[in-house]
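Reader: Please take me through one part of this structure at close range. Keep it brisk, and show me how that part sits among its neighbours.

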Amino acid sequence: EKVVHKSVGGEDKKFHLTLRKLQANNITGIEEVNIFREDGSVIHFTNPKVQATVQANTFAISGNPETKQISEMLPGILHQLVGLSSGLPKTMKPQEEAIPEEDDEVPALVEDFDEASKNEAV
C-alpha cells in the first residue's frame, strides 16, 4: 500500500515563512530521508528539500513522501538501521538469542605490572 501526502497551499506558505524567520539554511546533497515509525512503516522521501536551523533544533523536510513498509525497503536501508535498534519498535528489534554461559574464569594476575614498568629500559 502506497500513501502519497499532498500539502495545502496556504499552509505551505506559512511553513516557508516560519522557516525564513528561523533563518533555516538549505542542506544540499541529500538523496533520501527515511522516518521510521513505531508501526514498522517508513515515511520515505526521494531527493527532498532539507532545511535546518541548529539553534532552534529544527529540521524541515519537504518533498513528495511515500509511506512504505520497512520490508519493501530492505536490504537497501540496513546501513541506516545500524545502532538504532534501541529506538526501533519492539516488533522490529533483533531478537536476542540465549547464549549458554561457559565456565571460563579470568586467570589470576600473576605479575605486578607496575614493577615491570619500572624495570623497563627508558
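**A strand residue and its surroundings**

Thr 53 lies in strand 5. Strands here are DSSP runs of E with at least two residues, and helices are runs of H or I with at least four, both numbered from the N terminus. The model is predicted, so local features need pLDDT of at least 70 and side-chain atom pairs count only at pLDDT 80 or more, while totals for chains, interfaces and linings use all residues. Residues are numbered from 1 along each chain as its sequence is written, and side-chain values use heavy atoms, with hydrogens and water left out.

Is Thr 53 buried or exposed? Thr 53 is buried, with a relative accessible area of 3%. Buried means under 20% relative accessible area, exposed means over 50%, and partly exposed lies in between, using a 1.4 Å probe and protein chains only. Setting aside residues up to four places away in sequence, Thr 53 touches Leu 22, Gln 23, Ala 24 and Thr 58. A contact means heavy atoms within 4.5 Å.

Now the sheet. Strand 5 covers residues 49–53 and pairs with strand 2 in the antiparallel sense, over three bridges. Two strands pair if DSSP finds at least two bridges between them. Ile 27 has Val 50 of strand 5 as its bridge partner. Three strands make up this open sheet, in the order 2-5-6, with antiparallel pairing. Strand 2 (25–27) and strand 6 (58–62) stand at the edges with a single partner strand each, so one side of each has no neighbour in the sheet. From one strand to the next, the twist averages 30°. Axes for such angles are lines fitted to C-alpha atoms, for helices over the stretch in contact, and angles run from 0 to 180 degrees between N-to-C directions.

Other strands pair too. Strand 3 (residues 32–36) runs antiparallel to strand 4, and five bridges join them. Asn 34 has His 44 of strand 4 as its bridge partner. Strands 3 and 4 form a hairpin with four residues between them. Gly 40, in the turn, has a positive phi of about 90°. Strand 4 (residues 41–46) is mostly covered, with five of its six residues buried. Strand 4 also pairs with strand 7 (residues 65–69), antiparallel, over five bridges. There, Phe 45 has Pro 65 of strand 7 as its bridge partner.

Finally, the whole chain. It holds four helices and seven strands. Of its 122 residues, 22% count as buried.
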